Amino acid sequence: MSKITAVKDERPQEGQGAGDAGRVDRMGTASIPKLIVEFAIPSILGMLVNGAYNVIDSIFLGQGVGEIGLTAVTVAFPAMVVMMALAMLVGNGGNALAALRLGEGRHDDAETSLGNTFTLSIIVAAVVAIIVNTPAVEWLLTISSATDEARPYARTFMQIVGMGFVFQMVGMGINNFIRTAGAPFRAFMTMLIGAIACTVFNALFVLVLGWGVTGSALATVAGQAVSCASVLWYFLFTKKSPLKLRARCLKLHGPVVVKIVTLGFASFILQVGMAAVNFVVNYLLAKWGALSPIGADDAQASIGVVQRVASFVVMPLIGVAIALQPLLGYNYGAHLFDRVKKTLLYGIIGATGIGILMWAIIHLWPTQIVGAFGITHPELADFTVFALSVQMMMIPFVGFQIVCSNYFQATGQPAKSVFLSLTRQIIFLIPLYLALPYILPSFFPQYTGLDAVYFAVPIADGLAILTTAAFMAHEMGRIKKLESGELQARF
């Protein structure tokens, strides 16, 4: 059986000229390294910008309010991660489906995916806005181990951001479609202007007007609103966009919705796993922090800083994975499997290089990084610096795990992607979090139960990387069969 070649519909689609179609079709013909660079740079910068929201909030709150501000956003952080998970469930799933359909030459179906993604985003955002104004928010604060002092601040932050979640849901979810439409730099710019707006509003609301946690939350929503407006402008008013947000595509179609949710579930479960981890971490920090000289509130503030830095460091690795998604999906949908393998290889090399760079930065300037968050107490600063160094130990190799996990999502194999996402975030990490505080001090008395909390992360990373390597070895054998015609791709 010969290799299958994708058949393109040469007729102009509605709203799509020949030049616009070429911007999409080049994903199956242009130089792979050049495409990856073109797509990855804006994607990486965009994810750094996206991750900057939490960092910006923490820096301004640390400088303007002090440790209690850091504690409040640490307590609220798991709920914020759940919100991001919902945005990625719908946005990444819809975008993955659109990339596959474009690879098959089904432009109208790609636009249907865009329209259904937008409608789902509005519905989910409305549900979240309702939930944050019910007693459920108190339950979230309780399982996030909020202390009496931090609870009112964390509640305020969660409610304001939850009410404005529609801007994050639409802006972040639909942004990826801009990249798939062949305009990665435009996708980055829509995120950059939002982060700039967030920074300006934080400076005004927190430092100038002294609105504290309330001001920081309002600044976050305002920045997301600016980004959302620029994303919608692209699909509604930009003439050169090969994908349009059309009224006829807004009506939900059951099979499309199911496919969007299925393909986005891997990204969703990854973020939910992060939220679950943060709930567990906050509980352990309250428990073991209370038994240490640092205390529960300062332990949450300290590890909260570590988590924000860690989240920020991982963002460019996720950016590489997201940049590869349309390239992998398009070429897999077009049965260009040699290009799929090359794209994956270059992506792994790029992510590993970025991981090494991030590791070097953290180890060269840890004191300066921690100091930027307003932690000035010497003992707390030393604890935070050491925790940061330990937790980031495996970062040079984490890019491999993230890129390969995303590969399965991009090629229509969500179950494998979900499992690999779970290994790093839940299957390995949570048991280690719970067990290591009892085990580590027994073998290494110089470490406390609180120390063991951050030692769990590099161990879990190592186990997840080994598991992913085994999956990829099997997948390369499957790709060989697809190339030879022994197996037929289904997606």
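Modeller: Axes here are lines fitted to C-alpha atoms, for helices over the stretch in contact, and angles run from 0 to 180 degrees between N-to-C directions. Helices are DSSP runs of H or I with at least four residues, numbered from the N terminus. The model is predicted: local features need pLDDT of at least 70, side-chain atom pairs count only at pLDDT 80 or more, and totals for chains, interfaces and linings use all residues. Residues are numbered from 1 along each chain as its sequence is written, and side-chain values use heavy atoms, without hydrogens and water.

Biologist: What makes helix 16 roughly parallel to helix 17?

Modeller: Helix 16 and helix 17 (residues 429-443) pack at an angle of about 15 degrees, with axes 5 Å apart. Angles under 35 degrees count as roughly parallel, so helix 16 is roughly parallel to helix 17. In the rest of the scale, over 145 is roughly antiparallel, 65 to 115 roughly perpendicular, and what remains oblique.

Biologist: Which residues of helix 16 and helix 17 meet?

Modeller: T423, R424, Q425, I426 and I427 in helix 16 meet L429, I430 and P431 in helix 17, where contact means heavy atoms within 4.5 Å.

Biologist: Why is helix 10 called roughly parallel to helix 16?

Modeller: Helix 10 (residues 254-290) and helix 16 (residues 414-427) pack at about 10 degrees, with their axes 8 Å apart. That angle makes helix 10 roughly parallel to helix 16. The contact of helix 10 with helix 16 has eleven nonpolar, five polar and no charged residues. Ala, Val, Leu, Ile, Met, Phe, Trp, Tyr, Cys and Pro count as nonpolar, Asp, Glu, Lys and Arg as charged, and the others, Gly among them, as polar.

Biologist: Why does V313 count as buried?

Modeller: Buried means under 20% relative accessible area, exposed over 50%, partly exposed in between (1.4 Å probe, protein chains only). V313 has 4% relative accessibility, so V313 counts as buried. V313 lies in helix 11 and touches M358, I362, M392 and I395, not counting residues up to four places away in sequence. The C-alpha atoms of V313 and L357, 44 residues apart along the chain, are separated by 9.9 Å.

Biologist: Is C228 buried or exposed?

Modeller: C228 has a relative accessible area of 7%, so C228 is buried. C404, at 0% relative accessibility, also counts as buried.

Conventions. Helices (H or I, at least four residues) and strands (E, at least two) are DSSP runs, numbered from the N terminus.
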